[in-house]
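The sequence and the structure come first.

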Amino acid sequence: MENLLSLSFDYLSSFDGVKIRKGLRQLEGLLAQICLSRATTAAERRRSMAIDGVAKSSPKDLASLSEDPAFREFFKLQEGFEWNVAIRLISCLERLLGKGSNGQNDLLLVSTLDLLRGVLLIHPPSRSLFAREIYMNLLLDLLDPSSCPAVQSSAVLTLVTALLEQPSITRCFENLDGLLTVTSLFKNRGTSREVKLKLVEFLYFYLMPEIPYAGRDGATPHGGLHRSPSKASRLGSGGRERSEGVEGTRTTNEKQSLLGRYLNNVEDLVEDLKETAPFGTSFG
């Protein structure tokens, strides 16, 4: 597995779009082997062929995935910097973003974001990378009005994945004026309808009660990554000083107040969230 990762990382570090695409496909193939299972018996293969004409793979059961040797090896490798896939994909995003917007580059950006989301879901501790302002700013830069709609939509979904069960990263997002970035894109007349729908979904997600991710040791992993003290003065623009510190959670009412600085009728969103519970969350 190390050899395949090493080869993929070499391709991702290139400035050649063809090599970057090859590196992304190799990583996608590796994750597919880990997360998908093929029909194991002759009867299952015949049934699959009869239905679809090809022998298709199906997702592995989540309960069994954690016991899979390949998954366990991959997860263990992600704990160190050398083989961490997320950091390589983030570095690739930085290079692609520096090349400007064009058709082929936008496709590579979307593919990289799609793969990054998968890695963040498979290895939740990698989300702690976005507690670093430089990486959170990268996601926010992708939400610029000049980005193509496909990149904007994929960046919104990646932002959701990065913030999932990570209150400390949500605080970083707020402190970097992430709410201003999201609401400005939503209110921009040039923003496509599809992107606006994604942004509304993000706002529903943001307003949900916060539940920290519990790692294998029962603690929330942060990897020693914290906000720079030089940014403390920006608390007034995206948040307020809190007695429990940057890693503390906020209630829905507190986040409603923050979002209300940039968007009208936030109370309607909260009421709709409480009534419909779109994410299966119960409000006390």
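## Charges over rings

A charge counts as sitting over a ring if NZ of Lys or CZ of Arg is within 6 Å of the ring centre and within 35 degrees of the ring normal. In this predicted model, Lys255 lies over the face of Tyr206, 5.1 Å from the ring centre. Lys196 places its charged end over the ring of Phe186, at 6.0 Å from the centre of that ring.

## Aromatic rings

A pair of aromatic rings is described by the distance of the centres and the angle of the planes. Five aromatic pairs are counted in the model. Ring pairs join Phe173, Phe202, Phe205 and Tyr206 into a cluster.

## Packing of helix 11 and helix 12

Helix 11 spans residues 178–187 and helix 12 spans residues 193–207. Their axes come within 9 Å and cross at roughly 145 degrees; the crossing is left-handed. Helix 11 makes the contact through Leu179, Val182, Leu185 and Phe186. From helix 12, the contact residues are Val195, Lys196, Leu199, Val200, Phe202, Leu203 and Tyr206. By class, the contact has 10 nonpolar residues, no polar residues and one charged residue.

## Salt bridges

Side chains of opposite charge can pair when their charged atoms come close. Over the whole structure, five salt bridges are found. One of the salt bridges joins the side chains of Asp114 and Arg117, at 2.6 Å from N to O.

Why are Asp114 and Arg117 separated by about one helical turn? Asp114 and Arg117 are about one turn apart because they lie three residues apart in helix 7 (residues 103–122).

Note on methods:
Residues numbered from 1 in each chain as written. Predicted model: local features only at pLDDT ≥ 70, side-chain atom pairs only at ≥ 80, totals over all residues. Heavy atoms only, no water. Phe/Tyr/Trp six-rings, centres within 6.5 Å; stacked < 30°, edge-to-face > 60°. Axes fitted to C-alpha atoms, helices over the stretch in contact; angles between N-to-C directions. Helix = DSSP H or I, 4+ residues; strand = E, 2+ residues; numbered from the N terminus. Left-handed = near helix turned anticlockwise from the far one by under 90°. Contact = heavy atoms within 4.5 Å. Nonpolar A, V, L, I, M, F, W, Y, C, P; charged D, E, K, R; others polar. Salt bridge = Lys/Arg side-chain N within 4 Å of Asp/Glu carboxyl O.
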